[in-house]
Amino acid sequence: MQPNIPAAGSLTPLFVTEVYRTDLAGTSADPLITRLEAACRRIAAEDKKGWEWSAAQGYLGYTSYESIVDPTKIDPDFAELKALLDVQALIFARLMEFDLRGKVPTLGALWINILDPNGSHGGHTHPHSVFSGTIYISVPEGASALQFEDPRLGFMMHAPQRLPNARPYRQVMVPMAPARGTLLLWESWLRHEVPTNRAKTPRISISFNYDVDLRTS
Ligand SMILES: [Fe+2]
């Protein structure tokens, strides 16, 4: 890589953290999003173990995270979603300029989230994966955004706060408001959280992890 020679008096962005967004409502994927909403509700209605696990975790609502290993194997709409996500994962990997040595990202875990009013999900990362994402299936008015946290936060020993109107890439907590059909992708080490859901009805999303096996044999 050639050394960079910035213009005098300029700022150079280094070590940039990037989040990918695309919006699928109104595209050819729109009918799938509608079918997935019904599928999420159907699967949740039959998954007593999932409700119990969610309650035990203090999660207000339902997640299939621990109870259903692979929804793409039990529901054709989820299998169709996997095909869509595989394409988006490749787009993300190319935009991020990852050297995948000819390999393709592979879907690992995929799970349903039905977040009830007043529910939230504290800050976390997604270990054991390369990048992660969420597709938003139902986003009623007032539903939570997804909030990303500056990964350097722990190093900011004496840094002043940013101005309220500072550019988003200079803030330490950045909310990204999804709509029905929004797809977000980010590197799995990036901490994020779901603030309290202020909607009157549940917010439904599907989250997932991608990995890349770079072994040569
Ligand atoms: Fe997450």
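Author: A residue is called buried when its relative accessible area is under 20%, exposed when over 50% and partly exposed in between, with a 1.4 Å probe and protein chains only. His124 counts as buried because its relative accessibility is 17%, and His126 counts as buried because its relative accessibility is 7%. This is a predicted model, in which local features need pLDDT of at least 70 and side-chain atom pairs count only at pLDDT 80 or more, while totals for chains, interfaces and linings use all residues. Residues are numbered from 1 along each chain as its sequence is written, and side-chain values use heavy atoms, with hydrogens and water left out.

Reader: Which protein donors does the iron ion have?

Author: Donors are N, O and S atoms within 2.8 Å of the metal (3.2 Å for Na, K and Ca), and sites may look incomplete because water is not among the atoms. Here the iron ion has as protein donors His124 (NE2), His126 (NE2) and His192 (NE2), which lie 2.1 Å from it, and along the chain their spacing is H-x1-H-x65-H.

Reader: Which residues lie nearest the centre of the second largest pocket?

Author: A pocket is an open set of points on a 1 Å grid over the protein atoms alone, where a 1.4 Å probe fits, with protein on both sides within 12 Å along at least five of seven lines; lining residues have an atom within 4 Å of a point. For the second largest pocket, Tyr65, Trp111, His121, His124 and His126 lie nearest the centre, among 29 lining residues.
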